Amino acid sequence: MSNFQDFSLIFPDQVEATRLDQFLAENLPLPKTRISQAIKNGGAYVNRKRRHDTGLLLKGGEKIRIVILNDEKLIPFSGKQIIWQQPPFFLIHKKTGQYAQEALHRSRGTLPEELSRHLKLTPSEAENLRPVHRLDRDTSGLMLFCSDPGQLQQIQSLWHSHVKKSYLAVVSPGPDWEKKRIRLPIGKRRDRLGRYHVDKNGKACDTEAEVIQREGDKALLKLTPHTGRTHQLRIHLSHLECPILGDNRYGGEKHPRLMLHAHSLCVLVPALSENHEWIADTEEDWQWQ
């Protein structure tokens, strides 16, 4: 059985009102306890709206969807991950395996939810807390959040002109070059496995890459993205036949974690009120030699 399950149902008209968890338990091959947990985690939708209430009464005609990811290992958030805060901005050292934002199957157990609870934000601040930029779930490193919609919009509008960032990545096999400017456009559509691909008709993408260290057939790279396309670094390296270690989606060798780390972040005025530069050391599980 696949770890990812996605069910869609319609609650019939002209029947007695029924609790959401009860209806799903009666119509799905899942234990009621598992269904209840999925609803509480944020994996249930009624008429396309996420609902956390297991006792929600269905009255007829509702379209229901429930999404479940089984055998999921959540990495809990710790206050020690907070590197800097100047409300409404909060910078954390994200761990590999942590959700940077809501996922289809959950809104609880994500960094916005856990960070807002740790900071004891007001309900409106917690609702507005959003990542300023994106990191894939399995990427670690520096990540900035903002709880004010107006300031979030401002910093995002200046992100490409007033922000510099770099990543560390371990690739296998190592490339046959020491430095390379990778300018390969990436298409807009994912394939059935959720992968994007280099496409001559796609959006222009630009990555600067430099070998920092070699060990056997592996290499440690410093990567500087000059554009911010989803999966850009992973796609570029995979296309050059030196995929990131642990990147199963894009052809990387099996490894305990994805060896991609957001290493440095520099934000300049006026994106923030003062210039800031941070560096995040790699984690204990950053082992490749």
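Predicted model: local features only at pLDDT ≥ 70, side-chain atom pairs only at ≥ 80, totals over all residues.
Two strands count as paired if DSSP finds at least two bridges between them.

Strands of a sheet pair through backbone hydrogen bonds, either parallel or antiparallel. Here, strand 3 (residues 44-46) and strand 6 (residues 63-69) run antiparallel and are joined by 3 bridges. Tyrosine 45 has arginine 65 of strand 6 as its bridge partner.

## Arginine 65

Arginine 65 lies in strand 6.

Which residues does arginine 65 touch, leaving aside its neighbours within four places in sequence? The contacts are Asp6, Phe7, Ser8, Gly43, Ala44, Tyr45 and Leu104. Tyr45 is also the bridge partner of arginine 65. Isoleucine 279 is 214 residues away from arginine 65 along the chain. The C-alpha atoms of the two are separated by 42 Å.

## The cavity

A search of the whole structure finds 1 cavity of 30 Å³ or more. The largest cavity holds about 40 Å³ of space. Its lining consists of His133, Leu135, Leu142, Lys165, Ser166, Tyr167, Ala262, Ser264 and Leu265.

Strand 11 (163-171) and strand 15 (260-267) each supply at least two residues of this lining. By class, the lining of the largest cavity has 5 nonpolar, 3 polar and 1 charged.

## The second largest pocket

The second largest pocket has a volume of about 310 Å³. It is lined by 13 residues. Glu102, Pro112, Ala126, Glu127 and Arg130 lie nearest its centre.

Which elements each supply at least two residues of the lining of this pocket? They are helix 3 (111-119), helix 4 (123-128) and strand 9 (130-131). Helix 3 gives the largest share, 3 residues. The lining of the second largest pocket divides into 4 nonpolar, 4 polar and 5 charged residues.

Terms used
Residues numbered from 1 in each chain as written. Heavy atoms only, no water. 1 Å grid on protein atoms, 1.4 Å probe; cavity = no way out; pocket = protein on both sides within 12 Å on 5 of 7 lines; lining within 4 Å. Points joined across faces, edges and corners; volume = space filled by probe spheres on them. Helix = DSSP H or I, 4+ residues; strand = E, 2+ residues; numbered from the N terminus. Nonpolar A, V, L, I, M, F, W, Y, C, P; charged D, E, K, R; others polar. Contact = heavy atoms within 4.5 Å.
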